[in-house]
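Please open the structure in your viewer and keep the selection tool at hand. The stops below say what to select next and what is there.

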Amino acid sequence: MSDNHQLSRRDFIKGATAAIGGLIGALIGIPSAAYLLSPATQAGGEAEAVIALGTLDNYPIGVPTRFDFTQTKVNGWERTATNYGLYVVRKSESEVRVFSDVCTHLGCRVTWHPDQKHYISPCHDGHFDILGGVVSGPPPRPLDEFTTKVENGNLFVQLPAFRRTA
Ligand code: FES
């Protein structure tokens, strides 16, 4: 009888120790796991940002002028740096448009060729006019464009670029 009593006390202490240990583990472990996993559950998607391109006077009227920058995006625990190349085209004192340098065929980087007055993709010889419209080659649509804003003489673009159909 006394042995049985001792055994059940031992079992009680074992059980209580396990329960308290489990409770402490849960109190510490669940918030820690939630903290560690929360970035991985956040949605990725394209980076949204407003980028300052400097004063509008830096960009001559009628001449596509290149602007490059790098944008870092955090997706969960992954940090990705993306290089952007833009062409700023001022049509007049007040009208400005900004195009992506990513060819709409397979993503090669176009460059402006002043002698031909075309952006040319080096991969499959895709040609675009000064406003990014397709002139020749395999590109299926015009160069993507950025929404612009001019404030106090300074030019800003909104990421990501938007698709154009014609
Ligand atoms: S990637 Fe530009 S023409 Fe193919």
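Which residues does Leu-53 touch, not counting residues up to four places away in sequence? Select Leu-53 and display its surroundings: Leu-53 touches Tyr-59, Phe-67, Leu-86, Val-88, Val-98, Leu-155 and Val-157, where contact means heavy atoms within 4.5 Å. Before going further, please note that this is a predicted model, in which local features need pLDDT of at least 70 and side-chain atom pairs count only at pLDDT 80 or more, while totals for chains, interfaces and linings use all residues. Residues are numbered from 1 along each chain as its sequence is written, and side-chain values use heavy atoms, with hydrogens and water left out.

**The nonpolar cores**

Next, select Ile-51, Leu-53, Leu-86, Val-98 and Leu-155, which touch the most other members among the 16 residues of the largest nonpolar core. A nonpolar core is a set of buried Ala, Val, Leu, Ile, Met, Phe, Trp, Tyr and Cys residues joined through side-chain atoms within 4.5 Å; buried means under 20% relative accessible area, exposed over 50%, and partly exposed in between, for a 1.4 Å probe and protein chains only. Two or more residues of this core come from each of β1 (49-55), β2 (65-75), β3, β4 and β10 (154-162). Strands here are DSSP runs (E, at least two residues), numbered from the N terminus. Another core lies apart from this one and has nine residues, among them Cys-103, Val-110, Tyr-119 and Phe-128. Cys-103 counts as buried because its relative accessibility is 5%.

**The six-stranded sheet**

Now colour the strands of the open sheet whose order is β1-β10-β9-β4-β3-β2, with antiparallel pairing; two strands pair if DSSP finds at least two bridges between them. β1 and β2 stand at the edges with a single partner strand each, so one side of each is left without a neighbour in the sheet. From one strand to the next the twist averages 30 degrees, taken between axes that are lines fitted to C-alpha atoms, with angles running from 0 to 180 degrees between N-to-C directions.

Within this sheet, select strand β4 (residues 96-100), which is mostly covered, four of its five residues being buried. Strand β3 (residues 78-90) pairs with β4 in the antiparallel sense over five bridges, and a hairpin of five residues joins β3 to β4. If you label Phe-99 in β4, you will find Tyr-87 opposite. Strand β9 (residues 145-151) also pairs with β4 in the antiparallel sense, over two bridges: in β9, Phe-146 is the bridge partner of Val-98, and Glu-145 is that of Phe-99.

Leaving aside neighbours within four places in sequence, Thr-82 is in contact with Phe-69, Thr-70 and Gln-71. Draw a C-alpha to C-alpha line from Thr-82 to Thr-70, and you will span 5.5 Å in space between residues that are 12 apart in sequence.

Then select Asp-144, in the loop between β8 (134-136) and β9; Asp-144 counts as buried because its relative accessibility is 16%. The side chains of Asp-144 and Arg-141 are joined by a polar contact of 2.5 Å. Beyond its neighbours within four places in sequence, Asp-144 has contacts that include Val-98, Phe-99 and Ser-100, as well as Arg-163 and Arg-164.

β6 and β7 are joined by two bridges, and Ile-120 stands opposite His-127 in β7.

For the last stop, show the cysteine side chains: the structure holds one disulfide, a term used here for a pair of cysteine sulfur atoms within 2.5 Å. The sulfur atoms of Cys-108 and Cys-123 are 1.7 Å apart in this disulfide, and the link is left-handed, with -95 degrees about the S-S bond. The pair links distant parts of the chain, 15 residues apart, with Cys-108 in the loop between β4 and β5 (111-113) and Cys-123 in the loop between β6 (118-120) and β7 (127-128). Cys-108 counts as buried because its relative accessibility is 18%, whereas Cys-123 is partly exposed, with a relative accessible area of 35%.

Methods
Polar contact = N/O pair within 3.5 Å; in protein donor to acceptor, adjacent residues only side chain to side chain.
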